[in-house]
Amino acid sequence: MSAIIEIKHLKKQFGANEVLKDINTTVHKGEVLTIIGSSGSGKSTFLRCINLLEKPSSGEILYKGENVLEKGYNLPKYRTHLGMVFQSFNLFNNMNVIENCISGQVTVLKRNREEAKTIALENLTKVGMAAFVSAKPAQLSGGQKQRVAIARALSMNPDVLLFDEPTSALDPEMVGEVLKTMKDLADSGLTMVIVTHEMGFAKEVSDRVIFMDQGVIAEEGTPEEFFAHPKEARTKEFLHRVLNN
């Protein structure tokens, strides 16, 4: 599998607090990589460093072999290759659903409105939200908002789609619809990096699972290896805690 993103010796400090300590991993084309761990383990910071919403303190992020942290690298262009889905949806409340999915395409990718609208409709259909094109975010449930946010990210044709705990702000009955949408995307071959606390989903959909603990990758492996045969004591303790709640 070809590498899209390689992370080498990534560190992130906030003042004296070292949140990420020497992170090394690779995201391969077509792979679904899930990142799990306790609150405060550094997983969301790691995701935000990948798309440079947080600037790493040191290390390298290679996108298709080039270090994006080097001086002079075209960061806005790099960001257009990464889609991001947040826990809090981040939709524009003053725009309806279709405009939310069109605006980034027109302003960032410089697509004409007609093309942008066609692509937006295609992706809204994919996530089951085509019937809501004229609705404003305030008229939608949390699950519907998150599916619109996914369609918006998809409309930018990203190489990699990043999800930061996309179901954590949802009522339990809405979690399933968003996870189903994400599973369909995974089945379509999209490259995805997902920070999640949904263990059943991680087990079913991932190609690889990373367990983060205290700012390091404590263990990684296939879902089978990870959930059935964890090696590290802290992985076993974490899984025992979350799976027996």
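Predicted model: local features only at pLDDT ≥ 70, side-chain atom pairs only at ≥ 80, totals over all residues.
Entry 1: I began with the strand order. Six strands form an open sheet, running β6-β7-β8-β3-β9-β10, with mixed pairing. I found β6 (82-85) and β10 at the edges, where each pairs on one side only. From one strand to the next, the twist averages 20°.

**Entry 2: β3 and β8.** I looked up how these two strands are joined. They run parallel, and four bridges link β3 to β8 (residues 191-195).

Entry 3: I checked α1. It packs on the sheet and touches β3, β6, β7 (160-164), β8 and β9. The direction of α1 makes about 150° with that of β7. I then checked α9, which also packs on the sheet, touching β3, β9 and β10. The direction of α9 makes about 100° with that of β9.

**Entry 4: the faces of α9.** Which residues of α9 (233-243) are buried? I found Thr235, Phe238 and Leu239. I listed what covers the buried residues; it includes β3 (32-36), α7 (199-205), β9 (208-213), β10 (216-221) and α8 (223-228).

**Entry 5: Lys43.** I located this residue in α1 (residues 43-50). Is Lys43 buried or exposed? It is buried, at 6% relative accessible area. A polar atom of its side chain lies 3.2 Å from the backbone oxygen of Ser38. Among the residues Lys43 touches, I noted Ile35, Gly37, Glu165, Val195 and Met212.

Definitions and conventions: Residues numbered from 1 in each chain as written. Heavy atoms only, no water. Buried < 20%, exposed > 50% of the residue type's maximum accessible area, 1.4 Å probe, protein only. Contact = heavy atoms within 4.5 Å. Polar contact = N/O pair within 3.5 Å; in protein donor to acceptor, adjacent residues only side chain to side chain. Pairing = 2+ DSSP bridges. Axes fitted to C-alpha atoms, helices over the stretch in contact; angles between N-to-C directions. Lists of a residue's contacts leave out its neighbours within four places in sequence.
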